[in-house]
Amino acid sequence: MSELRELYQEYVLDHGKNPRNFRFPDGATHEADGYNPLCGDKITVKIEVEGDVIRDVGFQGQGCAISTASASTMTEAVKGKTLAEAKQYFDTFLAMVKGEAEPDLLDEELETLSVFAGVAEFPMRVKCATLAWHTLTAALEGQDEVSTE
Amino acid sequence: MTELATQPSAATSPAVDAERVRRDFPALHQQVHGKPLVYLDSAATALKPQAVIDAVTKVYAEDCANIHRAVHMLSQRATIAYEAARGKVQAFLNAPQKKEVVFVRGCTEGVNLVAQAWARPRLGAGDRILITGLEHHSNIVPWQILCQQTGAELSVVPITDAGEVRLEDVEAKLDERVKLVACSHVSNSLGTVLPVREITERAHAVGAKVLLDGAQAAPHVPVDVQAIGCDFYVFSGHKVYGPTGVGALWGRAELLNEAEPYQGGGDMIRSVTFEKTTYASTPTKFEAGTPNIAGAIGLGAAIDYLEALGRENVARREQELLAYGTEALKTVKGLRLVGTAPEKIGVLSFVMDDAHPHDIGTIVDAEGVAIRTGHHCTQPVMERFGIPATARASLGVYNTEADLDALVKALVKVQEMFS
């Protein structure tokens, strides 16, 4: 049960139930749909980019607590950051949930992301935790949709 | 559906001794996350009794040879066992002739075989394939591919809020344009038993042939293709307690005879020259290459196992469990069953307020309870009910009331965590 508690921390349950930035930015410049064909989860991420800074980001869709909380946390983490910083967060996050790296506590936002470190103990749930991030990356790279097959 | 024992029996089922049955399945006797395994995912794949494991082992340990090809003793033993397994499948379905049984990789390949070998040369623009709204993707996509190839159209019978297929809705879609009706005998995501004999009668009345996907029926109820009257029937070995990678297609001899070969290769020929090749007769025509010999023999052993238990007994026992599980799940706050047809088999699909099926699956797994979560390869069913996914507990002959109690207990933990 301790691994389960690690996965479903209060923070995750809260963001799963009350996701932040669960709306689309008015001035969105980039967007993509993310799709997990294994579970049927769908998400749309829209981003407002100005220069190389993410001014605003939001998402909508349906998913499990892990995927919804991860999307919510992601939007809070990358808002106001540069594209390069967002990319670095994603790389760190991906390595962490795959169990390939300890959460690198560079700053406050990454510390928040570290609540998903418990996902590493549940390999079947890695795609839930990364769907929003893959979708964000696809949007920034100009792809319309991404699928976590 | 009089041939199906779908109502719980008032009597107990002395013929299925749960404790004895459980001893036959080695995979049941392990711990998961420190808890005894409660396996409620038999609709995905059934666990294997020791008799099946032994039969497969014996093939590789003692009778390891190719079939139909050599005169030596090992090949003779393997060939005899493989063909004996075909006979067991024939009896299992009450098929008229053994040569009408084709070994395939599973239900999926069986459906694709009928689509490509029988239907493709016969269908064209203006023709229709009729399926239902509760089909597994394996009984949707092969027909979509066929429609793209031939110009035929796919037509779909809608399902009711309870997950039923009503005969009047079938009739409304049936006319002389329909050349084939392809439908489940039992729904994999909802458990609904379809009125297949009546559907077959209606289809034949307009000249359509009928293929039944028996993946979820064959493990649970006696199947009699002659009583049903259908033209093709497919099922998978691994869902009837047999090995993965093997299944069977039964088809009427005249239809298999008029079908084209499915794949070209060894064993499926009568004679080969560079100018002209003639094909073997059915079923060899459809079994190109070295087949899954051990799988087929293991499937034969699984059929022996089910027949020894008595398929009526198995059906009756599982109905008792389904009734027990249905009532037990109703006690979980915020839980809603999806698929509430009066005629059901072995499947309890559900959703819960506030908890996504994937979270349910992970949390009950931590309690040792194995269920399936997701769309169950039936995305149109999920869309029909306006949900992304369900959690699904499905029953096998080794399950007990205690398994369902463990599920309910684990679901209460889910409810507590997410409420």
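This is a guided tour of a predicted model, stop by stop, for use in a viewer.

Local features need pLDDT of at least 70 and side-chain atom pairs count only at pLDDT 80 or more, while totals for chains, interfaces and linings use all residues. Residues are numbered from 1 along each chain as its sequence is written, and chains are lettered from A and ligands numbered from 1 in the order in which they are written.

**Chain B, whole**

Select chain B. It has 14 helices and 17 strands (DSSP runs, H or I of at least four residues for helices and E of at least two for strands, numbered from the N terminus). Its radius of gyration is 22 Å, close to the 22 Å of the globule rule for 419 residues, so chain B is as compact as a globular protein of that length. The radius is taken over C-alpha atoms, and the rule is 2.2 Å times the number of residues to the power 0.38. Along the principal axes, the C-alpha atoms of chain B fill a box of roughly 70 × 55 × 35 Å.

Colour by burial. Of the 419 residues of chain B, 53% count as buried. Buried means 20 or more other C-beta atoms within 10 Å of the residue's own, exposed means 12 or fewer, and partly exposed lies in between, with C-beta atoms placed from the backbone.

**The two domains of chain B**

Colour 18-48 + 310-414 as domain 1 and 53-307 as domain 2. These bounds come from an automatic or database domain assignment. The C-alpha centres of the two domains of chain B lie 27 Å apart. Their contact takes 27 residues from domain 1 and 30 residues from domain 2 (contact: C-beta atoms, placed from the backbone, within 7 Å).

Now pick out the domain 1 side. H11 (311-330), S14 (347-352), H13 (379-385) and S17 (390-394) of chain B each supply at least two residues to it. H11(B) gives the largest share, 5 residues. By class, this side of domain 1 has 11 nonpolar, 8 polar and 8 charged residues. Ala, Val, Leu, Ile, Met, Phe, Trp, Tyr, Cys and Pro count as nonpolar, Asp, Glu, Lys and Arg as charged, and the others, Gly among them, as polar.

**Gly191(B)**

Centre on Gly191(B), in the loop between strand S7 (178-184) and helix H7 (196-205) of chain B. Gly191(B) counts as buried, with 28 C-beta neighbours inside 10 Å. Beyond four places in sequence, its contacts include Gly339(B), Lys344(B) and Val347(B). Then select Ser394(B): its C-alpha atom is 8.8 Å from that of Gly191(B), though the two are 203 residues apart along the chain.

**Backbone stops**

Go to Thr282(B) and Pro283(B). A cis peptide bond joins them, with omega about 5°. Pro283(B) is in the loop between strand S12 (277-279) and helix H10 (293-309) of chain B.

Next, His33(B), a non-glycine with a positive phi of about 50°. His33(B) sits between strands S1 (31-32) and S2 (35-36) of chain B, in the loop. With 13 other C-beta atoms within 10 Å, His33(B) is partly exposed.

His376(B) also has a positive phi, near 60°. Look for it in the loop between strand S16 (372-374) and H13 of chain B. His376(B) is buried, with 24 other C-beta atoms within 10 Å.

**Chain A**

Show both chains. Here 14 residues of chain A are in contact with 13 residues of chain B. The chain A side divides into 9 nonpolar, 3 polar and 2 charged.

Note on methods:
Contact = placed C-beta atoms within 7 Å.
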